[in-house]
Amino acid sequence: MKAPAFSYARPRQLAEVLALLDRHRDEARLLAGGQTLLATLNMRLSEPALLIDLQGVAALRGLQLSGNTLRIGAMVTHSEIEASAEVARHAPLLAMAAPHIAHRAIRNLGTFCGSIAYGDPAAEWPACLLALDGVVVARSVAGERRIAAKDFYTGLYTTTLLPNEMIVACELPLAAAGQHFVFDELSRRHGDYAVVGLAAGAQLQNGVLGQVRLAWLGTGSMPQRSTATEQVLDGQRLSQAVLAQALQTLRAELQIEGDLTHSPAAKQHLVGVMLKRALHTLTQQPALQA
Ligand SMILES: Cc1cc2nc3c(=O)[nH]c(=O)nc-3n(C[C@H](O)[C@H](O)[C@H](O)COP(=O)(O)OP(=O)(O)OC[C@H]3O[C@@H](n4cnc5c(N)ncnc54)[C@H](O)[C@@H]3O)c2cc1C
């Protein structure tokens with residue numbers, strides 16, 4: 001199928017983007033990498049009157065380290081993150097997750113912030129943002145709003161972004177010394193969206209787990225943290241008894257929904273396997289020398 005007719009704007013200044021968005025609101029769509037939007041247009045799942053192409057806005061490009069924060073501009077692609085030595089050193093969870101996203105051609109165009117805005121529950125970046133307690137930086141003509149990752153998603157493909165707001169960047173705290181990270185997912189074929197996946201992190205001191213973070217993708221209508229399970233693990237050494245308690249808590253707390261190919265029961269089983277594997281990897285990998 002072909003996309004319906006639409007008007008097209010390619011502004012060079014962020015102020016122009018914000019003014020167009022304010023004027024057209026729900027009638028407009030921002031075009032970032034186009035790797036999701038163009039497919040939805042061609043399938044006529046979306047029929048905006050205006051596409052606002054962000055490619056010409058230089059201010060939205062680039063990864064920046066500043067103090068304790070990594071800032072990912074709205075037009076930073078999955079491939080830029082995958083190739084960045086600074087990301088590998090200061091945000092290793094992102095470096096681990098990037099190769100799981102689709103295929104090279106899609107990663108070369110698709111953007112981190114586009115994925116955050118779209119909010120596919122099986123996508124990698126929203127779960128990473130949640131695991132790292134990241135912040136979404138939103139802008140409109142009225143100014144800037146900073147939204148904590150845990151408050152950003154409200155349901156399936158829905159976020160707290162207002163119709164005249166866009167994401168100008170996402171910010172993540174840099175990894176600290178002694179932190180360990182794991183990203184894992186199960187998919188039918190490499191590059192497919194995940195059936196289930198886990199973005200995890202923890203501090204380890206003399207084998208004792210602390211600040212455990214477990215953020216799940218593919219388990220429900222939006223990414224979710226399992227905070228009760230995190231609390232079971234915090235302050236503990238990994239043992240059979242601790243693992244058993246963590247698995248029991250995880251079963252009780254995760255709101256698991258099935259999808260076209262996997263029942264809730266199958267996903268329930270898979271998340272248990274994934275937690276077990278992740279905890280073994282976390283406690284055995286060498287600590288980060290930040
Ligand atoms: C075959 C295929 C396989 C894929 N597999 C995966 C996968 O395994 N994992 C995964 O995570 N993704 C996957 N994707 C999606 C891909 O990662 C997209 O690049 C990503 O979801 C959206 O980024 P984009 O820059 O292409 O956004 P676009 O397609 O340009 O936009 C997507 C939506 O977000 C909005 N938007 C974009 N940028 C902003 C912004 N800055 N502020 C507010 N709203 C904005 C747009 O208006 C649109 O509604 C796949 C895509 C394809 C085609």
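This is a predicted model: local features need pLDDT of at least 70, side-chain atom pairs count only at pLDDT 80 or more; totals for chains, interfaces and linings use all residues.
Leaving aside neighbours within four places in sequence, T69 is in contact with E171, L172, P173 and L174. The largest nonpolar core has 85 residues, while the ligand is surrounded by 27 residues.

- The C-alpha atoms of T69 and G191 are 29 Å apart in space, and the two residues are 122 residues apart in sequence.

**Nonpolar core**

- Within the largest nonpolar core, which has 85 residues, I167 and C170 are the residues with the most contacts inside it.
- Helix α12, residues 264-284, provides the largest share of this core, with 7 residues.
- When neighbours within four places in sequence are left aside, the contacts of C170 are I72, F112, C113, I116, L129, G134, V135, V136 and V137.

**Shell around the ligand**

- Of the 27 residues that surround the ligand, the closest are G33, G110, G114, A117 and A123.
- At least two residues of the shell come from each of β2 (28-31), α2 (37-42), α7 (112-118) and β10 (166-173), and α7 gives the most, with 5 residues.
- By residue class, the shell around the ligand divides into 16 nonpolar, 8 polar and 3 charged residues.

**Packing of α11 and α12**

- Helix α11, residues 240-253, packs with α12 at an angle of about 145°, and their axes are 10 Å apart; α11 passes α12 in a right-handed crossing.
- On the α11 side the contact is made by L243, A246, L247, L250 and R251, and on the α12 side by Q268, V271, G272, L275, K276 and L279.
- The residues of this contact between α11 and α12 divide into 7 nonpolar, 2 polar and 2 charged.

**Helix α10 and T229**

- T229 lies in helix α10, residues 227-233, and is buried because 23 other C-beta atoms lie within 10 Å, where 20 or more are required.
- Not counting residues up to four places away in sequence, T229 touches L214, A246, T249, L250 and E253; among these, A246 and L250 also belong to the α11 side of the contact with α12.
- T229 and A265 are 36 residues apart along the chain, and their C-alpha atoms are separated by 19 Å.

**Helix α8 and the residue after it**

- Helix α8, residues 124-131, is mostly covered, with 8 of its 8 residues buried, namely E124, W125, P126, A127, C128, L129, L130 and A131.
- Just after α8, D133 takes a positive phi of about 55°.

**Loop residues**

- A102, in the loop between α5 (92-97) and α6 (104-109), has a phi near 45°, a positive value in a residue other than glycine; A102 counts as partly exposed because it has 19 C-beta neighbours inside 10 Å, whereas a buried residue needs 20 or more.
- Y157, in the loop between β8 (153-155) and β9 (158-159), has a positive phi of about 55° although it is not a glycine; Y157 counts as partly exposed, with 13 C-beta neighbours inside 10 Å, whereas an exposed residue has 12 or fewer.
- G207, in the loop between β12 (196-205) and β13 (208-217), is exposed because 9 other C-beta atoms lie within 10 Å, which meets the limit of 12 or fewer.
- Leaving aside neighbours within four places in sequence, G207 is in contact with R237 and T283, and the C-alpha atoms of G207 and Q236, which are 29 residues apart in sequence, are 8.3 Å apart in space.

How values were computed. Residues are numbered from 1 along each chain as its sequence is written. A nonpolar core is a set of buried Ala, Val, Leu, Ile, Met, Phe, Trp, Tyr and Cys residues joined through C-beta atoms within 7 Å. Helices (H or I, at least four residues) and strands (E, at least two) are DSSP runs, numbered from the N terminus. Two residues are in contact if their C-beta atoms, placed from the backbone, lie within 7 Å. Axes are lines fitted to C-alpha atoms, for helices over the stretch in contact, and angles run from 0 to 180 degrees between N-to-C directions. A crossing is left-handed if the near helix is turned anticlockwise from the far one by less than a right angle, and right-handed if clockwise. Ala, Val, Leu, Ile, Met, Phe, Trp, Tyr, Cys and Pro count as nonpolar, Asp, Glu, Lys and Arg as charged, and the others, Gly among them, as polar. A residue is near a molecule or strand if its C-beta atom, placed from the backbone, lies within 6 Å of it.
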